[in-house]
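Please open the model in a viewer and keep the selection panel at hand.

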Amino acid sequence: MSLYLLRRLIQAVGVMAVMSLIVFLGVFAIGDPVDILIAPDADQIERERAIIALGLDKPLWMQYLVFLGNALRGDLGRSFVFNEPALQLIMGRMPATLELALGATIMAIIIGLPLGLYAGLRPNGAISKAILAISILGFSLPTFWVGLMLIMVFAVQLGWLPSTGRGETAMLFGLRWSFLTQDGLAHLIMPATNLALFKISLVIRLTRAGVRETMLMDYVKFARAKGLSPARVTFVHVFKNILIPVVTVVGLELGSTIAFSVVTESVFAWPGMGKLIIDSINVLDRPVIVAYLMTIVLMFITINLIVDLTYSFLDPRVRLESKG
Amino acid sequence: MMMKPIMAVAACFGLLCAEARAQNLTMAVGAPVTSLDPHYHQLSPNNAASDMIFDRLVDTDSRSRNIPGLALSWTTVEPNVWEFKLRPNVRFHNGNPFVAEDVAFTIARLPNVPNSPSSYAIYARPITAVEVVDPLTVRFRTTEPYPLLPLDMTNVRILNRATHERSTTDDFNAGRAAIGTGPYRVVSHRMGDRIELERNDTYWGERPAFGRVNYRMITNDASRTAALLAGDVDVIDQVPTSDLARLRTDQRVTLSEIVGLRLIFLGLDFARPAGENSPFVTDNNGQPLGRNPLQDVRVRRALSMAIDRRAIVERVMEGAAVPASQFLPEGTYSHVPDMPPTAYDADGARRLLAEAGYPQGFRITLAGPNDRYINDARIIQAVGQMWTRIGVRTTVEAQPWTTFVARAGRADFSAFLIGWGSNPDGSHPLRNILATVNRDRGWGASNRGRYSNARVDELTLQSLSELNDARREQILIQAQRLAADDVGVIPLHIQTNIWATRRGLTIAARADELTRAQDVRPAAAR
């Protein structure tokens, strides 16, 4: 087990190093951060000062080596724009994104699983067909448009929910969370729903397909023949077996929601990491881009690990390391 | 009987709400504030935030004219020495008195803010010494006569030596050091999200109308408008032009507009001499021309005449701009009078092209950003069609600002769209855009077309040592007129700055684009 974890860790470090190199080259290819950050009426002398202040006067390979050296000491550099340590900036935004992504994922599971189960058990019912048809909308409508429509309907027309922002927050574990206050929850509903729509549809379809496939299995037939109650057949024999693909996809989806909920965050002015990364890319704030993507790589690797661990729990046939 | 108390509570609650609403103001701005350190990053949104917390020696009114701020008056006592008389009895938010020593401290701090991506040092550079004559008199010594010093001081927010001696940018961002003499004090700050402010009741100037201000950043245009319509915010800036028609007729909102100081113009390739190829100009078969037609003033004039500025303003900009012939709008110091925008004249343009030796026209690529200025990509498409109509077959290339600006800086393009937000003084665009690139003088830093005219340079230099405002204005007008006759750039339009407030509020629209809480007031009862 520990050998397995160690191998995963080494993998993670390798991927992060490659990622940082790609970002360095990428930003260098796009343009010069000083061009974007400097005031238009700054003269040549001021430009030269800024280039030196941001460490951009050195050749690229040397900038990268300096970065690597600092990174080994846990310092991923300071944001060009905010003059704050990049990692601190990202961590400051993380709770906002985490609660949004978790909210969306929980909605996907609570709504998606039962609906998918129902649609799988009664594949020809009218309700099942309706569920399936609606899930197509969830897949195909652009998040951007749905978000704006939610705002127009529930905030502008009906006035039920606040249009944008994060609302009041309360402290927990030294971080700010908005799901702890009523105002915060009201602000959370629309963006979380917007993010969840796609996931709900995904879970519905995965569950439905899984159920339909499993229902035909011999062990299900045997369980039925044995005279077990339909509830026991469904929730013990079928349900446990369809969970593996669902857990995999939900896990990966959680990762990509945390990393790339850019559109929803900017439509709802949600002060999370997604908004930070898009703003940073727009001004070529390299330290933040690098630190962000490295954090994301680490997060994906961790999530994959957790998913793998969950497999072994759900399915005793899966072993984490091959013996021998 | 049971209903009554409940009704009473409800009514009272409603009243309280109204009361609270009258005291609180929520504003949403489209561009994020990146720092509360007033000397860290020179950027309009930061200057707007600083303006609520700090003060400047020389303030500016909504039309960007200089008015007394922390200084009551300023004058040159010798050609090289400016003397500022300071406002008495002004206190910082923490109670410290404001004195001349604080001005000296502030000027000394400007070049010494670590890691600044765009510092305010340029305003300290002309000053060789700051002399504290008495607590309310300060003198700035310069090497040469320097008429722009008061204008420079409109960009510098004053700090307190006792408070800020050791303050870092982090201290300002955390709110600990965000202590000024301004109309509002900082309650809390969440980077890129919101600043919460409360009224400074001991403010020396006009008392702000609102006790508490929530200054939010909503960068998405559609969401910002929706937040206003939903009643979640009271004021928004940068109203998207696509929403203008609808908002003008909406009973719930009031628009405030003013002609700004930002000119959108086209730059042309002067970097290649007349006998060389310009990178994006070819003949009609795509073969190199062997010369740079943009060096011929007749071609430049034809390209300018081919543009129907009124159509661009009305159709593309939805009326949120005015056609322009120069950098500064009417009514601004050193605006060139009697110089109307070039009239649309496609036939005249074709004749000029023929005269210049291009009766069949040529091909050109017009570049521009697609995420920087209002409707930037659509403007270059419109211009491209207009140029094609006179025989200059134009390909349009819109790209993100990040890649565009780097290439424009290297003079990669033959023709490109860009904008310039001026200080209200002709020397500002002259020195930065029209003057020959010269590192030692610090000139032409944004002259991306590399236009160069010795006479314009000479006049610009002359204006910089002329202390008499009236004479200086004449020199600046002469220089700008020369550059305009020469078509050094092709001006398109000056943007209108637009704010929207919920009905019952007004905001004093500012030419400098700054969105500040102290400019918002309840509308006068009709």
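The model is predicted. Begin with Leu284 of chain A, which is found in the loop between helix H12 (273–282) and helix H13 (286–314) of that chain. Its backbone deserves attention: Leu284(A) is not a glycine, yet its phi is positive, at about 55 degrees. Most residues other than glycine have a negative phi. Is Leu284(A) buried or exposed? Leu284(A) counts as buried because 24 other C-beta atoms lie within 10 Å, the threshold for that label being 20 or more.

With 21 other C-beta atoms within 10 Å, Glu513(B) is buried.

Now return to chain A and display helix H1 (residues 2–30) together with helix H4 (residues 60–72). The axes of these two helices of chain A come within 11 Å and cross at roughly 145 degrees, and the crossing of H1(A) and H4(A) is right-handed. Which residues meet there? From H1(A), select Ser20(A), Leu21(A), Phe24(A) and Phe28(A); from H4(A), their partners are Leu60(A), Tyr64(A) and Phe67(A). By class, this contact of H1(A) with H4(A) comprises six nonpolar residues, one polar residue and no charged residues.

Remain on chain A and colour the ranges that an unreviewed UniProt entry lists as "transmembrane region": residues 12–31, 100–119, 131–156, 185–207, 242–269 and 289–314. Residues 12–31 of chain A are 95% helix and 0% strand, with the end C-alpha atoms 29 Å apart. Over residues 131–156 of chain A, the chain is 92% helix and 0% strand, and 28 Å separates the end C-alpha atoms.

Finally, show both chains and select the residues through which they touch. On this boundary, 43 residues of chain B are in contact with 45 residues of chain A. Which elements of chain B each supply at least two residues to its side? They are helix H6 (169–173), helix H7 (221–229), helix H13 (401–409), strand S17 (415–421) and helix H14 (427–434) of chain B. H13(B) gives the most, with six residues. Colouring by class shows 17 nonpolar, 20 polar and six charged residues on the side of chain B that touches chain A.

Note on methods:
Residues are numbered from 1 along each chain as its sequence is written. Chains are lettered from A and ligands numbered from 1 in the order in which they are written. This is a predicted model: local features need pLDDT of at least 70, side-chain atom pairs count only at pLDDT 80 or more; totals for chains, interfaces and linings use all residues. Axes are lines fitted to C-alpha atoms, for helices over the stretch in contact, and angles run from 0 to 180 degrees between N-to-C directions. Helices (H or I, at least four residues) and strands (E, at least two) are DSSP runs, numbered from the N terminus. A crossing is left-handed if the near helix is turned anticlockwise from the far one by less than a right angle, and right-handed if clockwise. Two residues are in contact if their C-beta atoms, placed from the backbone, lie within 7 Å. Ala, Val, Leu, Ile, Met, Phe, Trp, Tyr, Cys and Pro count as nonpolar, Asp, Glu, Lys and Arg as charged, and the others, Gly among them, as polar. A residue is buried if 20 or more other C-beta atoms lie within 10 Å of its own, exposed if 12 or fewer, and partly exposed in between; C-beta atoms are placed from the backbone. UniProt positions are given in the numbering used here, feature names are shortened, and annotations may be inferred rather than shown by experiment.
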